[in-house]
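Here is a short briefing on selected residues and a surface patch. Please look over the sequence and the structure first.

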Amino acid sequence: MTKQARQFYQYLFIVAIIGWQLQSYIMQLPLGGILGTSYLLNYMMAAAAFATLLKLKNKHVDKLGFVSLGGTLIKFVIFFLVFDPLFKEDGETTRSEFAIFFIPYVCATILETVFLVRILNKQTD
């Protein structure tokens with residue numbers, strides 16, 4: 001594992017734990033359940049997307065942005081397949097239900113983007 005990959009996974013783990021704990025505390029939700037599932041799925045998908053970016057960085061550096069967008073698309077598809085039906089059981093998706101998916105999604109995506117920019121900057125140097 002490269003230093004860059006190890007650093008990404010460490011940051012991802014730290015951000016996930018802190019975000020999960022903080023969101024659970026602020027929203028008064030148990031750590032398990034749908035909130036835990038949301039963090040687990042979002043961060044597993046972020047780890048898989050970053051692993052894909054690392055595999056492609058040497059041969060297809062010009063396509064990494066598109067691969068990253070593809071990862072984002074997959075995350076939204078997972079949202080609509082897994083979380084949206086759960087949230088709409090009562091007929092509507094509330095702000096707090098939306099936040100259960102969106103906050104972990106945004107945190108993971110920001111982290112992915114920062115590390116993607118680092119990869120691209122190193123490739124152009």
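Leu-12 is buried, at a relative accessible area of 5%. Buried means under 20%, exposed over 50%, and partly exposed in between (1.4 Å probe, protein chains only). This is a predicted model: local features need pLDDT of at least 70, side-chain atom pairs count only at pLDDT 80 or more, and totals for chains, interfaces and linings use all residues. Residues are numbered from 1 along each chain as its sequence is written, and side-chain values use heavy atoms, with hydrogens and water left out.

**Leu-12**
- Leu-12 sits in helix H1, residues 3–27. Helices are DSSP runs (H or I, at least four residues), numbered from the N terminus.
- Its contacts (heavy atoms within 4.5 Å) include Tyr-43, Ala-46, Ala-47 and Leu-111, not counting residues up to four places away in sequence.
- Tyr-43 is 31 residues from Leu-12 along the chain, yet their C-alpha atoms are separated by 7.2 Å.

**Ser-38**
- Helix H2, residues 33–56, holds Ser-38.
- Ser-38 is buried, with a relative accessible area of 0%.
- Neighbours within four places in sequence aside, Ser-38 contacts Phe-83, Ile-100, Phe-101 and Pro-104.

**Positive patch**
- Lys-3, Arg-6, Arg-118 and Lys-122 form a surface patch of positive charge. Patch residues have over 30% relative accessible area and no salt bridge, and like charges are joined within 9 Å. A salt bridge puts a side-chain nitrogen of Lys or Arg within 4 Å of a carboxyl oxygen of Asp or Glu.
- H1 and helix H4 (95–124) each supply at least two residues of the patch.
- Arg-6, in helix H1, is partly exposed, at 40% relative accessible area.

How values were computed: Patches are made of residues with over 30% relative accessible area and no salt bridge: like charges are joined within 9 Å, nonpolar side chains (Val, Leu, Ile, Met, Phe, Trp, Tyr) within 5 Å. Accessible areas come from the Shrake-Rupley method with a 1.4 Å probe; for residues, only the protein chains shown count as cover. Lys and Arg count as positive and Asp and Glu as negative; His and the chain ends are not counted. The place of a charge is taken as NZ of Lys, CZ of Arg, CG of Asp or CD of Glu.
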